[in-house]
Amino acid sequence: MVEVSFLVGGPQGKGVETASIMLIYAVGSAGYYVYGRREFWSNIAGGRHSYFVGKVADRWPPGGIGNRVRLALFMDGHAVFEHIFHVERGGVAVYNTEEDGKTLESFTMISRTAVERLSEFFKRQGVEPTVKGAVEYMKSQGVKVVGLPFNKVLLDVGRKIGVTSPVMLSRFVNTLVVAVGASLLGLPVEYVERGVAFALGRKKEVIEQNKMVAAEVGKLVTERVETLTPRTPETKRIYWNGNEAVSVGKIVGGVRFISFYPITPSTDDPMFAERKLAYPVLPATEELKAMERVGAVVLQTEDELAAIAAAAGAAMAGARSATATSGPGMSLMAETISMLGMAELGVVLTLWSRAGPSTGLATRTGQHDLFYSLFIGHGEFPKIVLASGDIEEAFYDAIKAANWADKYQVPVIHLVDKDLSNTFAVMPAPDPYSVKVERPQPVVFQEEKNVNRYEITKDGLPVRYLPGISKAVYHVVSLEHDPEGDPDEDAEMVKKMYDKRMRKMETIMREIPDEDKVRYYGPANADTVIVSWGTTKPQILSALGRLPGVGYLQLRLLYPFPADLVRRHLEGRRTLFVEGNYTAQSSLLVRMYTGISADGVAVKYNGRPITADDVLEAYERFAKGEKRIELEWDL
Amino acid sequence: MTAATVKISLKRTPQDYKWTKPPEWCPGCGHFGILQALLQVFAELDMDPTRTVLVSGIGCSSRLPHYVRTVSAHTIHGRAIPFAIGLKLANPGLEVMVVGGDGDLFAIGGNHILGAGRRNVDFTVLLMDNAVYGLTRGQAGPTLPLGMQPKALSKPNPHADLNPLLVALASGFTFIARAYSYDIKYTAKIIKEAVLHKGSAIVQIFSPCVTYNNIMTREWYEKRVYKLDNEPGWDPVVHDEKEDYEKRKRAIEKILDPDRFALGILYKNELVPTFEERYASMYDPNYPKMPPAIQPVEKDGRSVIDFYRLMADRLL
């Protein structure tokens with residue numbers, strides 16, 4: 001069984017992302033499965049530190065990401081300081097020996113808080129506050145260090161391939177660390193070349209130069225962390241990130257109108273839908289056969305108010321429509337979300353949540369917006385909130401969200417986060433046709449007719465009329481109304497309409513299958529159950545392997561809340577809620593709907609995701625009697 | 001709407017566009033004239049009520065769609081324009097028209113005017129301008145001049161007025177016109193031209209609030225308005241792109257006149273491609289015949305998307 005955790009770190013905007021993609025694609029090409037996440041500051045370049053932390057394995061899923069990695073590739077001395085505690089005993093760290101003499105203080109882009117913390121630590125430990133000192137400290141902790149003079153190596157290689165400009169050569173640092181990493185992983189150079197070609201895209205000459213750099217540099221390393229023998233994968237695989245998986249899920253699910261206003265970490269979702277235009281279609285009908293490709297409107301609006309309003313208008317026209325945003329953007333959408341409930345229009349809102357109130361931590365993760373998504377919008381109205389646990393689930397959930405918005409004519413909030421958005425994976429390709437695309441058909445008349453769009457129906461769902469298609473005349477309205485869609489404040493009608501709308505909640509609860517409401521993992525008779533929601537899933541599942549007798553209840557449908565199901569799973573068990581916010585929101589939610597109180601909560605709100613090791617630590621402290629566990633690991 | 005798509009027949013009358021319930025405005029409200037003019041235009045153009053969509057936000061004027069027998073959406077304060085744009089882009093075969101007041105379109109919804117102009121979506125905006133917030137009992141609207149004190153205000157208006165047509169022109173609207181609601185016949189004439197215009201059209205219609213604006217009354221407006229039709233040689237149409245600068249300058253001169261309010265078409269340019277045309281040429285040539293609302297997305301429950309071709313560059 002092969003399982004290697006790894007990290008690539010360096011100055012933001014100087015090739016860290018490219019290096020990670022090269023490495024992921026290289027090991028992927030050799031038949032392995034990979035996933036990991038990108039961490040970065042809310043800047044473009046400017047020297048802040050960015051890194052990618054992930055895991056390679058010969059199976060999917062590759063298991064959790066822990067607190068320390070086995071292979072660390074440091075593109076600069078700054079990275080050494082950032083990750084001094086992030087390499088495991090017996091692991092390997094690669095760094096540039098030419099920076100040995102640089103002091104901690106000289107790296108001005110390290111957070112001053114970190115500098116103070118490290119200075120104090122070095123003083124206590126008697127470690128010299130230089131790159132060399134940091135490396136020596138890592139060695140003392142059982143880390144093997146592979147030091148190379150990066151510039152000298154590149155100068156030598158440059159002479160062989162005819163590149164001498166120092167600026168040009170500095171651009172090969174990403175390929176250099178990847179080639180060293182690949183050698184340490186025992187990966188044949190041809191796979192590195194595939195990674196290089198994939199990551200660099202269309203730049204032919206640059207690709208050739210980088211391939212040569214990779215080949216030359218690879219020869220310099222003889223140590224091994226692992227031997228990744230090329231293997232034949234079990235299944236067709238796909239390379240993508242969370243933003244892309246959800247974007248494609250929506251397209252497969254029939255979404256053809258996508259409006260958005262740029263905001264991190266959501267924008268890559270609609271932008272991927274735009275880049276992929278026009279979409280190839282199966283020859284399902286004669287018309288589609290002739291067309292080969294279909295389009296979608298991807299509209300960048302002037303603000304989030306317009307983004308969701310445009311999606312609402314498109315939904316009224318009959319298109320499956322969606323918007324994507326993050327917390328600040330959703331705040332602007334609140335009033336229209338309420339309107340969608342009242343006017344009965346279905347829109348998918350993918351919420352790529354991030355950390356903190358206000359602008360907060362624009363590029364960091366958090367599960368702070370659970371309550372906000374549940375209770376957003378004034379007044380009471382039916383909506384759906386669905387949280388995905390991992391990249392595969394998020395793809396399928398995007399299709400389901402599109403179905404539900406269309407069928408129930410309600411806002412559907414698909415709750416995902418920054419962690420998922422920047423999770424990159426080489427993983428088994430999903431079965432894109434395993435989720436049915438269920439499209440309610442509109443009523444179409446022969447002769448033009450006035451109709452009641454808000455007829456009082458048993459299941460609460462509106463009859464489907466579409467402008468220009470149904471030959472029907474009707475009014476859509478945001479005020480309380482009569483069946484014709486005109487304002488009505490008569491007390492009896494108000495109650496009737498209210499009841500009718502809220503009946504959707506029962507219909508939704510009845511029709512959505514249990515597996516979309518909660519998922520339970522672990523022994524049926526577990527004494528203790530870890531309760532969580534969202535992207536903590538892979539880490540908890542991984543930790544569960546080391547916690548025999550412990551169960552895990554993953555909450556998926558959060559609104560309407562499947563109280564009976566949750567109660568059935570939790571009654572009589574000890575519960576530990578694990579989630580990425582301060583107030584342990586899901587524990588409060590469960591108590592509100594089921595009366596079951598948490599026995600313990602483990603929370604993390606430092607902008608970093610919960611790792612598999614965090615989960616183990618949480619359980620250990622919980623078992624010792626701690627009621628509130630605050631997790632603080634910084635990887 | 002393009003002229004070619006208008007089917008001229010005498011089938012429908014203004015009466016056919018009246019909804020089941022009567023208007024609920026104050027007696028004498030300027031908005032009655034706009035409603036009457038609109039019904040006339042719909043009848044004249046024999047608009048299909050099942051493919052004509054009136055979109056409004058919030059306010060007295062935004063109630064108008066409830067009195068008209070077409071498909072409509074009475075949305076929330078300020079958002080009528082983006083809602084309408086979404087509707088139109090999802091199905092460009094629809095005739096989409098926004099109605100709203102000065103507060104709805106130029107205060108709370110102001111940013112969407114800027115967005116709309118830049119796109120030049122083929123739709124029409126009717127600005128029913130009375131310079132006050134009638135439905136909340138007479139607060140100052142964005143077109144109320146500085147220092148003016150209609151009866152609901154306890155102090156003179158400390159805000160200066162904005163010029164909606166100047167904003168619309170600067171944003172890129174390709175049809176700019178003005179009308180006066182008590183002149184129903186002329187208002188109908190201008191609205192008709194706006195509907196027929198290919199691109200984003202806006203008509204500012206002075207529509208006095210008889211209950212709260214006791215200063216900008218019928219008499220006040222009638223002292224100031226005049227029709228451009230009577231100006232010799234007035235031609236607001238851009239016939240050639242080279243004329244655009246000159247035509248805009250002339251329009252601005254009229255729009256800025258503080259004393260005399262020109263009624264009529266101030267600027268019209270159909271040479272600017274609509275957003276729908278831009279979309280078809282830049283994004284998807286099939287867009288006109290297969291827009292989002294018309295597309296089949298599944299066949300027997302199976303997505304029509306060829307996932308494996310779509311993601312071919314990502315499959316290993």
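Biologist: What is the volume of the largest cavity, and how do I read it?

Modeller: The largest cavity comes to about 110 Å³. A cavity is a set of points on a 1 Å grid over the protein atoms alone where a 1.4 Å probe fits but cannot get out, and lining residues have an atom within 4 Å of a point. Points join across faces, edges and corners, and the volume is the space filled by probe spheres set on them. Here six cavities reach 30 Å³ or more. The largest cavity has 14 lining residues, with T365(A), Q367(A), G580(A), P609(A) and I610(A) nearest its centre.

By the way, this is a predicted model: local features need pLDDT of at least 70, side-chain atom pairs need 80 or more, and totals for chains, interfaces and linings use all residues. Residues count from 1 along each chain as written, chains are lettered from A and ligands numbered from 1 in the order written, and side-chain values use heavy atoms, without hydrogens or water.

Biologist: And how big is the largest pocket, and what lines it?

Modeller: A pocket is an open set, with protein on both sides within 12 Å along at least five of seven lines. The largest pocket has a volume of about 1400 Å³. Its lining has 47 residues, and nearest its centre are E17(A), T18(A), I21(A), R38(A) and A199(A). Helix α1(A) gives the largest share, five residues. Among the other elements supplying at least two are α8 (189–200) and β7 (237–241) of chain A.

Biologist: Which residues have the most contacts inside the largest nonpolar core?

Modeller: Such a core joins buried Ala, Val, Leu, Ile, Met, Phe, Trp, Tyr and Cys through side-chain atoms within 4.5 Å; buried means under 20% relative accessible area (1.4 Å probe, protein chains only). The largest core here has 199 residues, and F74(A), W240(A), Y279(A), M316(A), L558(A), F123(B) and I176(B) have the most contacts inside it. Its largest share, eleven residues, comes from helix α16 (391–408) of chain A. Apart from that core lies another, of 57 residues, including F52(A) and V94(A).

Biologist: What does Y279(A) touch beyond its neighbours within four places in sequence?

Modeller: Contact means heavy atoms within 4.5 Å. Among the partners of Y279(A) are I251(A), R293(A), I305(B) and L310(B).

Biologist: What does chain B contain, and why is it called compact?

Modeller: Chain B has ten helices and twelve strands, taken as DSSP runs (H or I, at least four residues; E, at least two). Its radius of gyration, over C-alpha atoms, is judged by the globule rule, 2.2 Å times the number of residues to the power 0.38. Chain B has 21 Å, close to the 20 Å the rule gives for 316 residues, so it is as compact as a globular protein of that length. Buried residues make up 60% of chain B.

Technical notes:
Buried means under 20% relative accessible area, exposed over 50%, partly exposed in between (1.4 Å probe, protein chains only).
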